Amino acid sequence: MNGNYRVLRGTLLAVAAMFFALHAVHLTADFPNHSPWMDWAKYTDEGWYGDAAIRYFLRGNWYVSGDFNPAVALPVWPLLEAIVFSIFGVSLATARGLAIGVFGGILLVTYLLLRRMRQGSLVPAVAVLLLAVSPFIYAFTRLAILEPLLILLTLLGLYAGSFLQPAATGRARWLPVIALGIILPLMVLTKTTAVFLLPAIFWMVFAQSEYNWRAALRFALPAGVIAAAIWGGYFLLFVRPHYLADYRYLFSANSYTSFGKEPLWKVIANTFRDGMWMGRASYSLVAIALGAVVLTHRRAWRNPLYVSLLLWVGGLRH
């Protein structure tokens, strides 16, 4: 690696770090009402998904009978909030500060994952910079909502999967499997729709297994058993005996988004329309770049991360 390359990489990362620091300025400010990326999360989700931690410190009990108790099905985020509340006190700034920390983790794992998959390239530094300067990402990663944590956990799942090697033995073989077995239930316990992101992680496992189904299953099955044991233990020992009605209510409250032909086409149309949130120029450039890669660079399809990310995008609208 020559000196000019290192200087350019360091410059890109330094600029990204400066923009990341701006995320922590005036944490109690919301993004404007008439911004292009309107979303109800701005008004509801911070309170809904953090209410268990807020109740615990302000009222002495996280559970309110007969109320909406999403922490029963989605406990990971409120548990993290409870930890930071115990240190810094209950406030909107504290909750959003945790979200900023999660976004910092996203930037770090993104860099590590891309550097592992694209060694000797400026792509990792460029990707981190693009994430740090995006106004859309800025707006939503400052909110104390579930999605940034789910993104971080999915990235960690892909990163763990990238270490799987059929020829590995001992610790090098089983540590990534154990990590996946822990990360997968954490994803689902962060947001239940994380199940639609699991194909992206499995593709990484499949590709790192040299596209051999038997080898992939030798990794995927133990990880799945660990994940099922963790989630099943949580459900059977905690949810089912005490809070089954609250668990079911989370899904019935969202039944208006049930899967069907008409909602499916609306979802597809909205996916393309909402891409404009990043800006017309950026959206057009991304579309051109993606088309160029698909049509002219067959080698890209051999990169497991490329296909995993496409599967991730496909699962996001669920």
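Predicted model: local features only at pLDDT ≥ 70, side-chain atom pairs only at ≥ 80, totals over all residues.

Throughout this talk, contact means heavy atoms within 4.5 Å. With that cut-off, L305 touches L113, L114, M117, L158 and M204, not counting residues up to four places away in sequence.

Let me place L305 in its setting. The largest nonpolar core holds 66 residues, and L305 is one of the residues that touch the most other members, together with W77, L158, L180 and M187. Which helix gives the most to this core? It is α4, with 12 residues. Apart from this core there lies another, of 6 residues, including F31, W37, F140 and I145.

Now the chain as a whole. Of its 318 residues, 41% count as buried. Taking contacts between residues at least 6 apart in sequence, 72% join residues at least 24 apart.

I turn next to helix α1, residues 3–22, and two of its packing partners.

The partner I take up now is α4, residues 92–117. How do the axes of α1 and α4 cross? They come within 12 Å and cross at roughly 165°; the two helices are therefore roughly antiparallel to each other. The crossing is right-handed. On the α1 side, the contact is made by R9, L13 and F20, and on the α4 side by I100, F103, G104, L107 and Y111. By class, these residues divide into 6 nonpolar, 1 polar and 1 charged.

The other partner is α5, residues 123–133. Here the axes of α1 and α5 lie 8 Å apart, at an angle of about 20°, which makes α1 roughly parallel to α5. In this case α1 passes α5 in a left-handed crossing. From α1, the contact draws on R9, L12, L13, V15, A16, F19 and F20; from α5, it draws on A125, V126, V128, L129, A132 and V133. Which classes of residue make up the contact of α1 with α5? There are 12 nonpolar residues, no polar ones and 1 charged.

Thank you for your attention.

Definitions and conventions
Residues numbered from 1 in each chain as written. Heavy atoms only, no water. Axes fitted to C-alpha atoms, helices over the stretch in contact; angles between N-to-C directions. Helix = DSSP H or I, 4+ residues; strand = E, 2+ residues; numbered from the N terminus. Parallel < 35°, antiparallel > 145°, perpendicular 65-115°, else oblique. Left-handed = near helix turned anticlockwise from the far one by under 90°. Nonpolar A, V, L, I, M, F, W, Y, C, P; charged D, E, K, R; others polar. Core = buried A, V, L, I, M, F, W, Y, C linked by side-chain atoms within 4.5 Å. Buried < 20%, exposed > 50% of the residue type's maximum accessible area, 1.4 Å probe, protein only.
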